[in-house]
Amino acid sequence: MSTEEARRARAEAHHRRTRVPLAGPARPSPCPVMREDGTPRVSPGVYLLDRAASPQFASPILVRVIRELPDRHPPYAWTWVDCYQLDRHGDATEKRQLFVMPQGMRPVRLAPVPYATRRRPSLPAARAGG
């Protein structure tokens, strides 16, 4: 198994555990609009970030990109994005500014999970007698 196949298998296993559906087969670039230097622009949306996006993501994370930060001048093929890190329900848990490669960002479809259908953590049973 090649390293790319192994990476893809790990990402798919992660998706099965977190129940986040992939958008489909990997695309050459989730960002069709290019900068003058040929680096793709990042459009707002939900993305899976793993080692293909940046070495800092040893464990993949799910983010909702708000905007690309064009006022910073990163090296070729890299960019800064303003985003929210998402939990398994698609709720924002932390606001972050990340340094990523747009080519490695994988778009995902994330259906909202209504609060009523979420599993609540089980609480210890109340003791009988007091």
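Is Asp 50 buried or exposed? Asp 50 is buried, with a relative accessible area of 4%. Buried means under 20% relative accessible area, exposed over 50%, and partly exposed in between (1.4 Å probe, protein chains only).

## Basis

This is a predicted model: local features need pLDDT of at least 70, side-chain atom pairs count only at pLDDT 80 or more, and totals for chains, interfaces and linings use all residues. Residues are numbered from 1 along each chain as its sequence is written, and side-chain values use heavy atoms, with hydrogens and water left out.

A salt bridge is a side-chain nitrogen of Lys or Arg within 4 Å of a carboxyl oxygen of Asp or Glu. The count comes to 3 salt bridges. Helices (H or I, at least four residues) and strands (E, at least two) are DSSP runs, numbered from the N terminus.

## Arg 106 and Asp 50

Asp 50 forms a salt bridge with Arg 106 (3.6 Å, N to O). Arg 106 lies in strand β5 (residues 106-107) and Asp 50 in the loop between β1 and β2, so the pair ties together parts 56 residues apart in sequence. Arg 106 is buried, at 9% relative accessibility.

## Arg 41 and Glu 68

Arg 41 and Glu 68 meet in a salt bridge (3.7 Å, N to O). Arg 41 lies in the loop between α1 (3-18) and β1 (45-49), and Glu 68 in strand β2 (residues 61-68), so the pair joins parts 27 residues apart in sequence. Arg 41 is partly exposed at 31%. Glu 68 is buried at 10%.

## Arg 67 and Asp 82

The closest N and O atoms of this salt bridge are 2.8 Å apart. Arg 67 sits in strand β2 and Asp 82 in strand β3 (residues 79-86), so parts 15 residues apart in sequence are tied together. Arg 67 is partly exposed at 41%, whereas Asp 82 is buried at 3%.
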